[in-house]
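Here are a few notes to read alongside the model. Have it open while you go through them.

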Amino acid sequence: MASEGADVERNDEKIDEKVDKEKAVAAAEAARPAGGESVRVDSWIWSVRLVKTRSAGATACRGGHVRVNGERVKPAYALRVGDEVRLRQGIRERVVVVQRVIRKRVGAPVAVECYVDNSPPPPPREAVAPAGVRDRGAGRPTKRDRREMERLRGVGGPDSP
């Protein structure tokens, strides 16, 4: 008897997940431009949550951090399905292939369905050296402080101990 209740509960969860997915797909379809139009690249990278704001996407385009099919693009570049977008964020580069063109920002589960992520894995946290942390208001490090920081990082000249 108890197992029947658990089976019914699992089926209800599966149905709820299916309904949520259908709603998400409907939201993506509503965000799609009409008639197979193209979308601005800055708007698309914002819509699929690669950048936090559309203005940050436009700034990245103007700074040369966004490439579509190997070419630097302006924010108003018309993006189409099948284009490869490379977005450089700090030391990491995101490489995505456009699967669906959307104009409006959608939820994260739907946004992931709009592109195929071919990005290399991020570097491990150990490989990234933490920056020297100083107390607030301590001012610039002295020459002695700088040498101590370099010694801790393992960076130094031939006279380093």
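Which residue forms a salt bridge with Arg-94? Point 2 takes that up, after a word on the ground rules.

1. **Ground rules.** This is a predicted model, so take it as such: local features need pLDDT of at least 70, side-chain atom pairs count only at pLDDT 80 or more, and totals for chains, interfaces and linings use all residues. Residues are numbered from 1 along each chain as its sequence is written, and side-chain values use heavy atoms, with hydrogens and water left out.

2. **Arg-94 and its partner.** The partner is Asp-117, and the closest N and O atoms of the two are 3.2 Å apart. (A salt bridge here is a side-chain nitrogen of Lys or Arg within 4 Å of a carboxyl oxygen of Asp or Glu.) This pair ties together distant parts of the chain, with Arg-94 in strand 6 (residues 92-98) and Asp-117 in strand 7 (residues 115-117), 23 residues apart. Helices (H or I, at least four residues) and strands (E, at least two) are DSSP runs, numbered from the N terminus. Arg-94 is buried, at 13% relative accessible area, while Asp-117 is partly exposed at 38%. For those words, buried means under 20% relative accessible area, exposed over 50%, and partly exposed in between (1.4 Å probe, protein chains only).

3. The structure holds seven salt bridges, and another one joins the side chains of Arg-146 and Glu-150 (3.2 Å, N to O). As for networks, salt bridges with shared partners join Arg-40, Asp-42 and Arg-54 into one.

4. Take Asp-42 and Arg-40: their salt bridge has its closest N and O atoms 3.1 Å apart.

5. **Helix 3.** Now look at residues 54-62, where Gly-57, Ala-58, Ala-60 and Cys-61 are buried. Down the helix axis, the buried residues fall within an arc of 160°, so they line one face of helix 3. (The arc is that of the directions from the helix axis to the C-beta atoms.) Their cover includes helix 2 (41-47), strand 2 (66-68) and strand 5 (84-89), where contact means heavy atoms within 4.5 Å. Just past the end of helix 3, Gly-64 has a positive phi of about 85°.
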